[in-house]
Amino acid sequence: MSTAGANAAPKSGGGWFTLRRRRALLPAMFIAPGLMWLIVFYAIPIVSQLWVSLQTGNPDDGFTQTWNWSVYPDSISEYSDQLIRSVEYALTATILCLIISFPLAYFIAFKAGRWRNFLLLLIILPFFTSLIVRTVAWQTLLTDDGFVVNTLQSLGVLGENGRLLATRTAVIAGITYNFLPFMALPLYASLERMDRRLVEAATDLYASRWTAFRKVTLPLAAPGIFAGTLLTFIPAIGDYINAQLLGTSQNYMIGNVIQSQYLVVREYPTAAALSFVLMLGVLVIIGIAARALGLRRLSEAAAA
Amino acid sequence: MTRQPDERGPQQDEEPLEQFLERLVAGEPISRRSVLRRFAAAGLTVGSASAFLAACGGVEGTANKGTTVDVANVSHPKEDFSKVVFSNWPLYIDQKVIPPWEKEQGAKLRYLEDYNDNEEFFAKVRQELESGSGIGRDLVAPTDWMAARWIDLGYAVPIDKANVPNAKNLQDSLASPPYDKNRDFTLPWQSGITGIGYNPKKTGRKLTSVKDLYDPAFKGRVSMFTEWRDSAGLVLLGMGKDPTTATKDDYTEAIARIDEENKKGQIRKFTGNDYTKDLAAGNLWACIAWSGDLVQLQADNPNLEFLVPEEGAMTWSDNMLIPQKPTTAYGAETFMNYVYDPEVAAVIAAYVNYFCPVKGVKEILAKTDPELANNQLIFPDDKTLAQLHAYPSLGAAPERELTAEMQKVTGA
C-alpha cells in the first residue's frame, strides 16, 4: 500500500518532506513489514485459491476460468462427512487438551516451585522432534500386540479382539497429544501472572475453595483458556497427519481430502474450494470468539 | 553374496533426516519405497511441496500436443558426454555397480533417488514438459501406466537400439507391453508382483485366494493399496475377470466391491508402501503387497508369506525412459546397455530383491547365492509367470475417473 510511498519519500526530499509529513508516514512504515507479510502469505494465496476454485476442466486438457460457483455447494455436500468429522475431532481434542492442561498448568504455576522451568521444558521437549516422527512413534505404542493394547484388554476396557490403532480413538488421542502444548502454555502464562492474593482474599471472605476457584481463578484464567482453545482448535481442524497415520479411511478429515484432491486426483478446483471453505470457517470461528470475548481481551490473551 | 541387511552395500549419504529418524523409531527393515512413499502419501516431501505449488499456479493441461515420433529412424550417434542424470526410486540399485561404468565411459552418473511416487514426480516436472524443455534428467523410471502417459503425451525419446545391444537379454514375458509393443521407448528396470502378503500365524491357515481377504475372521486386519490399478486389479481377478482386458465398468464394479468391504470394517487401512510396517508388527494379518517388500521382510520375519493367489496376480515394471530434450540420449543408452549385462543385473537383483528383467542372471546367482536364485519372487518360473497380469490401458480420462472413484472409497 503506502510502502512504496514510504520508501520513495526520502529521495523526493526537499520542502515536501516536512517533519509533519514524516510523522504522518511513520505508522505506515512501522506497519509495512507486517502488511507485506500478510499480503504475500495470506491475501495473495487466498485470492489465488479463490481464482482456481472457480475453474473447470481436468488435469490433462487444462482448466479454464468459468466462474463455476457451484463447486462450493457441490464439494461441501460431497465431503460433508469429512467436514463434520473434522469439527468433531478437533472439538473433542480441544476439550481433552483443556481437561488435561488445566491441572497441569495450575500445578506448574503454583505448586512446582523450583521445578517449574524444568517441567515447562518437559512439556516442550517432545516437540523438538518432528510431528511425523512423534506420530509414527504412536503407531508403535498403540500396535495391536503392544503393551498398551494388551493392558487395556486384560483390564477389560478393550474387547478380546479390540484394537486402538486405526480407530477414531487413536486419531483423537493423537491430535490431543500433538497439540497439547498449544493449550498448556497459554494457560500457564495466564495462571502464572495471576495475583494469588485475590484467592486469599476470597477465602478470607468465607468463600469455599471451590467458590474461590470458580469466581476468582477461573475468570482470571479465561484469556488463557480462550487463547489455548483457538491455538489448539484451529490447527487441529486442518490436521491430516494423525488421521493418515493413526486412523483408517473412515476417520479421514478434511485435510486428507484436500491433500489427495491436490496431489492424487489433481482436481484442483475442488481442493481449492475446500481449502477456502476451511479458511473461511476458521475466520468465522475467530470472529465469534472475538465477539464473545471482545477483540482487546483476545489479543491480550494471544500476547500471553 | 549374502543378504544380510547391513551388507547391502553403501547407503545413500544424503539420506533425509526424517527418513533416518523414522527408520530409527520404527525399527523397520529398509524397504525400497517404504519410507519416502509414506511421506509422499502424507504429502510431506519436498517433491509434493513443489507439486503443490505447481498445482496452485499452473492449471494448463498435459494433453497431447500432436507430436508424432518416428521410432524407426532413431539415431543417437556416439558422442562424448560428461554425465548422465538418472532419477530412480529410492533403494533401487546397488550403488557399487556405478563406479565401473563411470570408469569405462569416463563420465559421471548423477544418480538421484527422487522418484518417490509416479503422480508426484509427474506433477513436479509437468510444467517443464509442457513448455517443451528438458527436465534436467537423461533417464527416469516411471511404472508402466505412467510410462504409457509419457509416451502418449510425446514426452519420451525413442531408444536407438543400436546403442543397446544387451536389450536382447530382456525377458520374453516383458518384451511387448501394450503401451510400447516393441520397447521403442522403454526398458524395464525392475519388475514385481502385486499379490497378497500374510502372516500364517495370525490367519491360522494358509491363504489361497483373493477372496480370503474378505474372510470375516480377519475383520479390521486387512489392508489394500490406495492405487486402484493394484487393488481393483486383484479384486477383479477374484471376480474371475482378466484385469488387463477389463473395461472401465469392470473396474468401477471392483471399486464398489472394495467399498462394500470397507464399509463393513473389513479393511483396516488403504496404504502406500507403509503396509510393510503394520504387516511386520502383526497389525495386519493379510494385505495386498509387493513381492520385493516381502522378500526383504522375510529376512527379519521368516513367518511372513507372499501369495500369488490361485486366480492370479498383477505384475508391473518400473521402466527406464529417456525424457524429452535429454543432455545425452547416447549416454543414457550406454547406461541402459550396461545394466542389461547379466553380471551387472545380478548385483542389482541381489540387492533390490524385485524380479529381474534380464535373462541369464539366475544362472549367475545360482553359483554365488543359490538360495536367492531359487526364490520364486525374484525368479518366477513359467507357471507363476503365466498367472501374472499387466495393468490395463484405458486411456487418460477413464483412468482419471477411476482414480477419483478410488479416492472416494479410500476416504478422501
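1. Which hand does the crossing of α12(A) and α13(A) have? The crossing of these two helices is left-handed. The structure under discussion is a predicted model, and the points that follow should be read accordingly.

2. Helix α12 of chain A covers residues 254-263, and helix α13 of chain A covers residues 268-293. Their axes lie 8 Å apart, and the helices pack at an angle of about 150 degrees. Because angles over 145 degrees are classed as roughly antiparallel, α12(A) is roughly antiparallel to α13(A).

3. On the α12(A) side, the residues that meet α13(A) are A:I254, A:V257, A:I258, A:Q261 and A:Y262. Their counterparts in α13(A) are A:Y268, A:T270, A:A271, A:L274, A:S275 and A:L278. Sorted by class, the contact of α12(A) with α13(A) holds 8 nonpolar and 3 polar residues, with no charged residues.

4. Helix α13(A) also packs with helix α2 of chain A, which spans residues 19-53. The axes of α2(A) and α13(A) come within 7 Å and cross at roughly 135 degrees. That angle makes α2(A) oblique to α13(A). The crossing of α2(A) and α13(A) is left-handed.

5. Which residues make the contact of α2(A) with α13(A)? From α2(A) come A:I46, A:Q49, A:L50, A:V52 and A:S53. From α13(A) come A:Y268, A:P269, A:A272, A:A273, A:S275, A:F276 and A:M279. This contact divides into 9 nonpolar and 3 polar residues, and no charged residue takes part.

6. In chain B, is B:D80 buried or exposed? B:D80 counts as exposed, because it has 10 C-beta neighbours inside 10 Å and the cut-off for an exposed residue is 12 or fewer. B:D80 is placed in the loop between α3 (46-57) and β1 (83-87) of chain B. The C-alpha atom of B:D80 is separated by 8.9 Å from that of B:Q105, although the two residues are 25 residues apart along the chain.

Notes: Residues are numbered from 1 along each chain as its sequence is written. Chains are lettered from A and ligands numbered from 1 in the order in which they are written. This is a predicted model: local features need pLDDT of at least 70, side-chain atom pairs count only at pLDDT 80 or more; totals for chains, interfaces and linings use all residues. Axes are lines fitted to C-alpha atoms, for helices over the stretch in contact, and angles run from 0 to 180 degrees between N-to-C directions. Helices (H or I, at least four residues) and strands (E, at least two) are DSSP runs, numbered from the N terminus. Angles under 35 degrees count as roughly parallel, over 145 as roughly antiparallel, 65 to 115 as roughly perpendicular and the rest as oblique. A crossing is left-handed if the near helix is turned anticlockwise from the far one by less than a right angle, and right-handed if clockwise. Two residues are in contact if their C-beta atoms, placed from the backbone, lie within 7 Å. Ala, Val, Leu, Ile, Met, Phe, Trp, Tyr, Cys and Pro count as nonpolar, Asp, Glu, Lys and Arg as charged, and the others, Gly among them, as polar. A residue is buried if 20 or more other C-beta atoms lie within 10 Å of its own, exposed if 12 or fewer, and partly exposed in between; C-beta atoms are placed from the backbone.
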